[in-house]
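Here is a short briefing on one model. Look over the sequence and the fold before reading on.

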Amino acid sequence: GHFSLQGWVDDVSAAVEYLATTQHPKGIWLCGFGTGGAVALVAAADDERVTGMAMAGSPADFDDWAVNPNRLMAHARRVGAIRSPEFPPDPEEWRAQLRRIRSVAAAERFSERPLLVLHGSEDDAVPHFDARALADAHGLAEMRYIRGAGHLLRHDPRAVAVLLGWLARQEGARRDP
């Protein structure tokens, strides 16, 4: 498809639906990095089939993109994320998604389920404040800063170790009476 925040949220929702209906898991856990973490949380917030999730280097909102949506759209066309001149069919709706889709609001709706918020102390793409805003909105999120790490936490073995340890603790907590 073509780049659209709502399209990405819909893709995550479709993946959850597919897993739930074909695999029948006891729980679905999501993990996303950067924008992927933000849209995954938005999709998960209103879907009780998602048991918990982790996000790393994720923005609290897309307000910075919404400042100049035409420049973002032009960039998406330049890099091939939007390939058709007919897309989006409703440019105003595409632009509105940038203000409407807010992972910080989703964190509050997700507050009854486990959430891990990871952030690199040297992340130059997403402000540190976003991680704190997400954790605070959730209320019980576990937040970890990875000292010296940048934005691409999926490539940082320390971040991956924190994620795997957190998931193992969640599994243990579910088994304990």
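Strand β3 is largely enclosed by the rest of the structure, because 6 of its 6 residues are buried. Buried means under 20% relative accessible area, exposed over 50%, and partly exposed in between (1.4 Å probe, protein chains only). Helices (H or I, at least four residues) and strands (E, at least two) are DSSP runs, numbered from the N terminus.

This is a predicted model: local features need pLDDT of at least 70, side-chain atom pairs count only at pLDDT 80 or more, and totals for chains, interfaces and linings use all residues. Residues are numbered from 1 along each chain as its sequence is written, and side-chain values use heavy atoms, with hydrogens and water left out.

**Sheet**

- An open sheet of 4 strands runs in the order β1-β2-β3-β4, with parallel pairing. Two strands pair if DSSP finds at least two bridges between them.
- β1 (28–33) and β4 (142–146) stand at the edges with a single partner strand each, so one side of each has no neighbour in the sheet.
- Neighbouring strands of this sheet are turned by 15° against each other on average, direction ignored. Axes are lines fitted to C-alpha atoms, for helices over the stretch in contact, and angles run from 0 to 180 degrees between N-to-C directions.

- β2 and β3 run parallel and are joined by 4 bridges. Met55 stands opposite Val117 in β3.
- β3 (residues 115–120) pairs with β4 in the parallel sense over 5 bridges. In β4, Glu142 is the bridge partner of Leu116, and Met143 is that of Val117.

**Helices on the sheet**

- Helix α1 (residues 5–22) lies across β1 and β2 (50–56), and runs at about 150° to β1.
- Helix α7 (residues 128–138) packs on the sheet and touches β2, β3 and β4. The direction of α7 makes about 170° with that of β3.
- Contact means heavy atoms within 4.5 Å.

**Arg132**

- Arg132 is found in helix α7. Arg132 is partly exposed, with a relative accessible area of 36%.
- Leaving aside neighbours within four places in sequence, Arg132 is in contact with Met143 and Tyr145.
- Arg132 and Leu118 are 14 residues apart in sequence and 9.9 Å apart in space, C-alpha to C-alpha.

**Largest pocket**

- The largest pocket has a volume of about 210 Å³. A pocket is an open set of points on a 1 Å grid over the protein atoms alone, where a 1.4 Å probe fits, with protein on both sides within 12 Å along at least five of seven lines. Grid points are joined across faces, edges and corners, and the volume is the space filled by probe spheres set on the points.
- Lining residues have an atom within 4 Å of a point. Among them are Gly34, Thr35, Asp61, Trp65, Asp130 and His151.
- By class, the lining has 6 nonpolar, 3 polar and 3 charged residues. Ala, Val, Leu, Ile, Met, Phe, Trp, Tyr, Cys and Pro count as nonpolar, Asp, Glu, Lys and Arg as charged, and the others, Gly among them, as polar.

**Backbone points in loops**

- The peptide bond from Phe87 to Pro88 is cis, with omega near 0°. Pro88 is placed in the loop between α4 (69–78) and α5 (91–100).
- His24 is found in the loop between α1 and β1. Phi of His24 is near 50°, a positive value in a residue other than glycine.
- His24 is exposed, with a relative accessible area of 59%.
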